[in-house]
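The following note sets out several points for a colleague who has the model at hand. Please read each point beside the structure.

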Amino acid sequence: MYNFTFHRPTTVRQAAGLLARNPDGKLLAGGHSLLPVMKQRLAQPSAIVDLSLVEGITGVELKGRSVSIGAMTRHADVANSPVLKEVMPGLAAVPGSIGDPQVRNRGTIGGSIANNDPNADYPAACLGLGATIITNKRRIAADDFFQGMFTTALEEGEIIVRISFPVAKKAAYEKFKHPASGFALVGVFVSKRGPDIRVAVTGAGANGVFRVPTFEEALKKRFAAKSIEGLTIPASGMNADIHASPEYRAHLVGVLAKRALNKANA
Amino acid sequence: MAAVSMTVNGKAVTGDVEPRTLLVQFLRENLRLTGTHVGCDTSQCGACIIHLDGIAAKACTTLALQCEGSSITTIEGLAEPGGALHPMQEAFREHHGLQCGYCTPGMIMSALDIVRRNGNDLDEHLIRDQLDGNICRCTGYHNIVKAIESGAKNMAAK
Amino acid sequence: MSATGIGAPVRRKEDFRFITGQGQYTDDVTRPGETRAVFVRSPHAHAKIKSIDVAAAKAMPGVIDVLTGAQLATDKIGNLICGWMIHSKDGTPMKMSAHPALAATKVNCVGDAVAVVIAESVALGKDAAEAVVVDYEVLPAVVDPAKAQASGAPQIHADIADNTIYQWHLGEKKDVDAAFAAAKHVTKLDIINNRLVPNAMEPRAALADYDAGTDNLTLWNTSQNPHVARLVISAFVGMAPEHKLRVIAPDVGGGFGSKIFIYPEEVVCLWASRKVKRPVKWTSDRSEAFLTDAHGRDHVTHAELALDANGKILALRAKTIANLGAYMSTFSSSVPTYLYATLLSGQYNIPSIYCEVDAVYTNTAPVDAYRGAGRPEATFVVERLVEVAAREMQIDPADLRRRNFITAFPHQTPVIMAYDGGDYNASLKKAMDMADVKGFPKRKRDAARNGKLRGLGYSTYIEACGIAPSQAVGSLGAGVGLWESAEVRVNPTGSVEVLTGSHAHGQGHETTFAQLVSERLGIPIENVSIVHGDTDKVQFGMGTYGSRSGAVGMSAIVKALDKIEIKAKKVAAFMMEAAEGDIEFKDGKFTVAGTDKSAAFGDVALNAYIAHKFTGAELEPGLKETSFYDPTNFTFPAGCHICEIEIDTETGKTEIINWTAVDDFGTIINPMIVEGQVHGGIAQGVGQALMEGAYYDAAGQLVTGSMMDYSMPRAHDFPSFHVGMTETKSPSNPLGMKGCGEAGAIASPAAVINAITDAIGTEAIAMPATANAVWTALQKLQAPKAA
């Protein structure tokens with residue numbers, strides 16, 4: 001990798017100040033997206049601002065009818081959070097499926113969401129639950145946050161502090177793992193919170209995570225796999241690579257959505 | 001260059017490194033602890049797994065500077081100072097859980113993390129699932145799985 | 001059987017250093033003043049090099065020198081070579097183009113090295129490598145071997161028309177055509193044997209150290225055959241005379257063929273070390289490994305099988321195009337010819353076989369031997385043909401095999417090989433019992449009730465191992481003999497060192513070879529060390545590949561031990577004042593027949609060295625013997641693998657439910673190690689069948705250039721395997737061994753694909769049978785037939 005200066009702030013304010021002084025700098029959370037890219041010399045940040053000592057941005061808390069997760073909470077800690085497993089096991093399953101145990105030991109929710117890899121798992125959960133991404137500057141609805149692959153609503157110098165997930169009575173994630181990378185070849189998150197029904201898909205779309213309005217509409221009658229029987233999504237706009245054709249990805253969206261619905265209703 | 005200090009296998013160590021130095025480079029090149037290996041450059045293979053503050057991590061995807069003040073255990077730190085092998089090391093030998101030996105340190109460090117997270121009574125399915133971050137090209141995993149199952153049991157007996 | 005002798009599952013002597021992190025792999029070795037080499041590699045698959053400007057790179061911090069192919073040529077460093085001559089049908093020799101270690105005028109694949117930076121660290125070297133300015137004129141590339149032969153295709157090497165290296169054949173075409181004309185049934189298949197990346201977990205590495213005081217060069221490298229590396233680098237590359245070059249292959253982290261070959265990087269490190277007068281180390285990144293390690297397989301084949309009405313095979317014919325990549329790697333020419341077509345008879349009595357093979361250059365990484373090398377490709381052709389023929393003729397696939405098994409030995413096939421022994425019915429029967437084939441129909445029905453498709457596939461494979469009689473391989477074009485050497489040194493205290501020309505990189509020779517010595521000399525296994533991998537210590541040897549170290553390498557040790565016994569008996573005779581003919585040796589003790597006189601092995605060893613009991617005129621002091629063993633035939637391991645799979649029809653994902661392997665490896669020294677070899681081979685074969693594949697796009701870019709894209713099998717991709725053995729001894733070597741290193745990789749791909757096609761009911765599925773591929777095949781079956 002290219003060389004850089006290394007900084008370890010202890011507050012969000014300090015971190016923001018460091019970013020302001022280093023316009024080509026990058027935040028380092030768990031490092032499991034950024035460091036591999038830097039090792040391949042595909043990114044050349046002038047400064048690395050390591051968030052691991054920043055106080056107050058870790059942990060999983062139940063706040064009223066929402067679960068609030070600190071941006072620097074590691075995947076393993078979210079997956080194993082007793083409170084989350086109790087109120088919304090469907091969300092806990094998402095970090096539990098990311099990468100491998102060592103990646104889950106280091107990777108963080110904030111890092112994953114900020115990166116918005118088109119095959120990452122967390123974006124599906126955020127969009128599939130209508131989460132709110134809370135930064136040092138504002139609150140951003142998930143529907144506005146994810147703006148295409150590796151692109152988000154984050155502005156320069158903006159730091160994700162927490163993510164707030166409304167607790168849904170029914171929620172589940174179903175993932176077909178990419179056989180090499182462990183990312184989602186296709187992943188589908190479904191949820192039902194009162195009248196709000198969401199189906200969010202990662203891995204499949206050429207433009208990153210997306211919702212499936214036709215499925216959501218059909219599920220309004222009854223939140224069950226049967227309701228989307230026979231519904232398909234078009235292959236156009238799906239990713240194409242050696243591991244999966246657009247047709248196959250489109251097909252998997254339907255299969256995984258049904259499996260997720262069965263899981264959510266179980 | 002930047003100063004870094006940490007505890008490695010119970011000993012305090014310091015170094016002066018370029019910020020871009022990975023933990024695995026610091027261990028192998030600065031400390032000459034060459035048991036931690038590099039098998040890929042995309043965080044897939046797990047040959048570099050060490051314990052960072054007691055938790056398994058890939059040393060190829062961690063900067064040395066991120067470990068300032070941390071405690072690291074490598075494969076070299078497992079056996080007792082007198083030379084008695086850790087039960088998990090012993091199990092890999094007993095069950096022929098290694099051939100070329102290159103992935104082995106990472107496998108053993110990963111196995112101990114599986115025990116930390118899941119206890120000493122492990123079934124085959126869980127072990128195979130939890131070895132997702134370790135690649136071996138020699139053994140077909142058959143004997144690695146057996147070694148971990150047995151090593152975990154022996155750790156409890158100890 | 002003793003606890004440490006032949007047949008005992010002795011725990012490995014080498015393991016302690018590996019499980020404690022004390023293995024010494026090439027990258028772990030350091031030399032004072034060591035520098036690091038970083039290669040500047042072509043981003044283009046095919047381009048002319050118009051100019052290279054290294055000035056800016058040379059001025060970068062920590063850079064010692066930047067060297068190019070032009071300097072390599074000036075220094076008269078020779079080209080890399082392919083050491084096996086193949087002649088085309090028309091008698092012309094194969095067309096081998098120049099392969100310089102650094103390209104000077106033209107690059108022919110992505111990753112071709114054009115310059116090297118020698119720097120104080122890898123990071124500084126990489127910084128500088130980016131500053132080397134190479135002006136390329138990009139040319140159209142060709143990656144598909146059939147397209148490479150077509151007229152108008154880009155010409156990769158100016159001296160080679162149609163990019164065709166050879167057009168070879170084996171067998172009698174006339175006989176085969178006549179048999180096909182008379183056949184009741186003909187089965188036809190189009191087969192792609194997918195390109196694989198070996199991916200030994202230790203990436204290749206080289207450390208070269210030039211000693212100006214003695215003019216000696218030392219090379220540590222990741223080699224399966226250090227002596228062959230030294231020979232090629234001396235005799236062909238011309239780096240240094242053989243006696244001034246020492247090659248050390250220390251602990252090597254897996255090879256699977258990919259570390260047999262002589263690569264550009266080690267040549268460049270040696271050359272650079274002499275130029276900068278400091279040690280030079282290069283360690284491959286995994287990304288570099290994907291681009292530059294020799295790949296495996298990559299055959300496109302049309303094959304046909306002719307049968308009579310009773311399912312008796314009459315003839316087999318195959319036409320194969322083999323992609324050898326941009327350059328001919330060290331043994332590449334032999335893989336799709338004499339290691340492939342000679343095995344097309346399988347376990348069957350096939351009267352006539354004809355095979356044509358075109359070997360072709362493309363703008364891709366070189367292709368050479370990978371675990372099994374030619375034999376997996378042959379087994380896949382034969383075992384797919386047989387399975388499909390059985391289905392087409394509605395004969396049980398096990399039964400069709402039985403009707404055609406060779407049962408009388410020796411058996412001369414129509415494709416060179418003379419099988420010397422085996423019992424194919426025995427391994428098939430045992431495997432069917434272990435796999436509970438009888439219970440399969442019920443399991444299939446049960447699976448169907450859960451919406452899953454079950455399938456069962458056989459592979460009754462054979463391979464030719466223990467390569468090989470030197471005269472035989474010489475007549476087939478090999479540039480070297482394929483004997484093996486051993487030196488047994490008995491020390492005055494009775495401990496023993498065995499120096500072997502074999503090399504272990506995971507196979508456990510330090511244990512199995514010691515078991516042999518322990519049993520034969522009756523000494524504790526702790527008193528035996530195996531020395532290998534250092535040309536300064538070990539007499540010339542041929543290294544480890546082709547499952548040869550047991551059958552050939554250990555046979556050499558047996559021959560040396562025979563000589564040790566003869567010499568030791570002479571010493572014992574002087575010690576005990578008896579006639580040499582009366583000395584008997586058993587369980588580590590020398591006795592005089594008919595008396596109670598005895599001498600322990602250690603006492604005889606001491607007496608051999610103190611030489612107090614005999615004069616120099618009567619007997620030479622010392623106890624050390626050498627043997628060079630040349631086998632009399634190949635060995636023919638064979639067996640039966642049965643794979644049972646289940647397919648999720650919604651996703652197309654295949655799960656391996658049960659794997660049964662029954663192999664006949666002849667005599668087994670250490671069953672624990674042998675089973676481990678089988679497990680690993682199966683995993684690589686299953687990887688090929690279900691997951692692995694190297695793909696280039698039309699421009700010649702490697703799409704699967706990292707483990708993020710190239711699917712490496714992991715623990716959760718397999719169940720535990722059921723491994724059983726049958727035993728017929730090989731008559732071709734003193735221990736009766738056949739070799740076990742490649743069987744799993746040879747047998748398994750066909751078993752997997754036979755199981756999948758059994759489950760889904762169509763033969764139209766290629767490797768790797770990914771979930772997407774299986775789903776697509778199922779969709780095609782369900783779609784209404786187009787008008």
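**Notes on the predicted model**

1. Contact between chains C and B. In this predicted model, 55 residues of chain C are in contact with 47 residues of chain B, contact meaning heavy atoms within 4.5 Å. The two chains bury about 4200 Å² between them, and carbon and sulfur atoms give 53% of that area. Buried area is the accessible area (1.4 Å probe) that two parts lose on being put together, summed over both. On the chain C side, Ile19(C), Met201(C) and Arg714(C) lose the most area to chain B, together 18% of what that side buries.

2. Basis of the values. The model is predicted, so that local features need pLDDT of at least 70 and side-chain atom pairs count only at pLDDT 80 or more, while totals for chains, interfaces and linings use all residues. Residues are numbered from 1 along each chain as its sequence is written, chains are lettered from A and ligands numbered from 1 in the order in which they are written, and side-chain values use heavy atoms, with hydrogens and water left out.

3. Domains of chain B. Domain 1 (2-76) and domain 2 (87-157) are assigned in chain B; such bounds come from an automatic or database domain assignment. Their C-alpha centres lie 21 Å apart, and the contact takes 17 residues from domain 1 of chain B and 14 residues from domain 2 of chain B. About 1200 Å² is buried between these domains, 61% of it on carbon and sulfur atoms. His37(B), Ile49(B) and Ile75(B) of domain 1 lose the most area to domain 2 of chain B, together 39% of what that side buries.

4. Domains of chain A. Here the assignment gives domain 1 (1-55) and domain 2 (170-265). The centres of these two domains, taken over C-alpha atoms, are separated by 34 Å.

5. Nonpolar cores. A nonpolar core is a set of buried (under 20% relative accessible area, 1.4 Å probe, protein chains only) Ala, Val, Leu, Ile, Met, Phe, Trp, Tyr and Cys residues joined through side-chain atoms within 4.5 Å. The largest has 218 residues, and Phe92(B), Leu344(C), Trp659(C) and Ile756(C) have the most contacts inside it. Helix α19 (residues 743-760) of chain C gives the most to this core, with 11 residues; helices are DSSP runs (H or I, at least four residues), numbered from the N terminus. Among the residues that Trp659(C) touches, not counting those up to four places away in sequence, are Ile682(C), Phe721(C) and Val752(C).

Definitions and conventions: Buried < 20%, exposed > 50% of the residue type's maximum accessible area, 1.4 Å probe, protein only. Helix = DSSP H or I, 4+ residues; strand = E, 2+ residues; numbered from the N terminus.
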